[in-house]
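Here are my notes on the model you sent over. Have it open while you read, and go through the points in order.

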Amino acid sequence: MADAALVLTGPPSLAPLLARGALLSPFKRPAPDAEFPRTRLVLPGLRVDLARLAAYERVCGFPTGEDALPLTYPHVLGFPLAMRLMSGRDFPLPLLGLVHTSITVTRHRGMPATGAYELAVRVEGLAPHRRGTEATVVTEVREGGDVVWESSSTYLARHRTPRPSAAPRAPGAPGAPGAPGEDVRKPLPAVAEWRLAEDVGRRYAAASGDRNPIHLHPLTARLFGFPRAIAHGMWTLARCLAAHGTPDSCHVRAAFKAPVLLPGTVTYAAENGRFELRDGDERVHVAGDVYRT
């Protein structure tokens, strides 16, 4: 839990935060046992910019003009607070190249677009990952004192890690490939094929404020090892949920498994509350579940 709360008078401006994070990134030394900021940022009395919301709805495929926030939109509202924490000197992971790897979202009831909300964002902790170090960021949205929406996101900073020296498991042992009880899921049936334009990352960045250079242009994406710009993970999730639909009270979990290169063509597949986005080689980009609560 965070040690103290810092109450803000307005949303932080993203441009200077992104600039600060970029300048500090080369000096960061990520490690799962590093210290991280313990302050919980709180923003009361927040109201939604309806024009910006409409732009977000259009780029993600949600219907526009409805008096209800899309399930994923509170993530956009909390993003400036998360960036204030993750761009600071006391956050050990470099902001540049940071990859969103997973998210869980719980919405307890429908959220009017015209409502007034209180946001709270904190860094919950760091953890080792086979490709580096992950940070968990928790966002909560309150209305009238009640938590109406909450999420937990993991962000990966890729760096060299020690190779584990574990012996391979014997066939049939718990956790070994093909072991009894292993969760092996069949591919979901295809529902639609989507052709993604080269500018999807820039359009989503304009609506969400997330201007990570890996999403904006092939040249800036190549600096971080990607052959072309990649779609935002939260755009791929929002696009899937716009097609899938979500009840007012629900729980969603999603894993961002592989980058979606732009431009490109992907297949949206869904069945029985599960959904995924995959390419022509059946590689899964994002996979998730929607549960009614």
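1. In which helix does Glu57 lie? Glu57 belongs to helix 2, which covers residues 50–60. Keep in mind throughout that this is a predicted model.

2. Glu57 deserves a look because it is buried, that is, under 20% relative accessible area, and yet it has no salt bridge. The nearest side chain of opposite charge is that of Arg58, 6.7 Å away. A salt bridge would need a side-chain nitrogen of Lys or Arg within 4 Å of a carboxyl oxygen, so Arg58 doesn't qualify as a partner for Glu57.

3. What is Glu57 in contact with, once its neighbours within four places in sequence are left aside? The list is Phe62, Pro63, Thr64, Gly65, Ala68 and Pro70.

4. Now the largest pocket. About 830 Å³ of space lies in it. Its lining is made up of 42 residues, and Leu98, Val99, His100, Thr101 and Ile214 are the closest to the centre. Click on those five if you want to find the spot.

5. Which elements give two or more residues to that lining? On the helix side there are helix 1 (14–24), helix 3 (73–86), helix 4 (200–208) and helix 6 (233–244). The strands are strand 3 (99–107), strand 6 (146–158) and strand 11 (284–292). Helix 3 gives the most, with 5 residues.

6. By class, the lining of the largest pocket has 24 nonpolar residues, alongside 11 polar and 7 charged ones.

7. On to the backbone. Most residues other than glycine have a negative phi, and most peptide bonds are trans. With that in mind, check the bond from Leu262 to Pro263: it is cis, with omega near -5°. Pro263 sits in the loop between strand 8 (250–256) and strand 9 (264–271).

8. Asn272 is not a glycine, but its phi is positive, at about 50°. You'll find Asn272 in the loop between strand 9 and strand 10 (274–278). Is Asn272 buried or exposed? Exposed, because its relative accessibility is 77%, and the cut-off is over 50%.

9. Glu282 also has a positive phi without being a glycine, with a value near 70°. Its place is the loop between strand 10 and strand 11. Glu282 has 45% relative accessibility, so it counts as partly exposed.

Methods:
Residues numbered from 1 in each chain as written. Predicted model: local features only at pLDDT ≥ 70, side-chain atom pairs only at ≥ 80, totals over all residues. Heavy atoms only, no water. 1 Å grid on protein atoms, 1.4 Å probe; cavity = no way out; pocket = protein on both sides within 12 Å on 5 of 7 lines; lining within 4 Å. Points joined across faces, edges and corners; volume = space filled by probe spheres on them. Helix = DSSP H or I, 4+ residues; strand = E, 2+ residues; numbered from the N terminus. Nonpolar A, V, L, I, M, F, W, Y, C, P; charged D, E, K, R; others polar. Buried < 20%, exposed > 50% of the residue type's maximum accessible area, 1.4 Å probe, protein only. Lys, Arg positive; Asp, Glu negative; His and termini not counted. Contact = heavy atoms within 4.5 Å.
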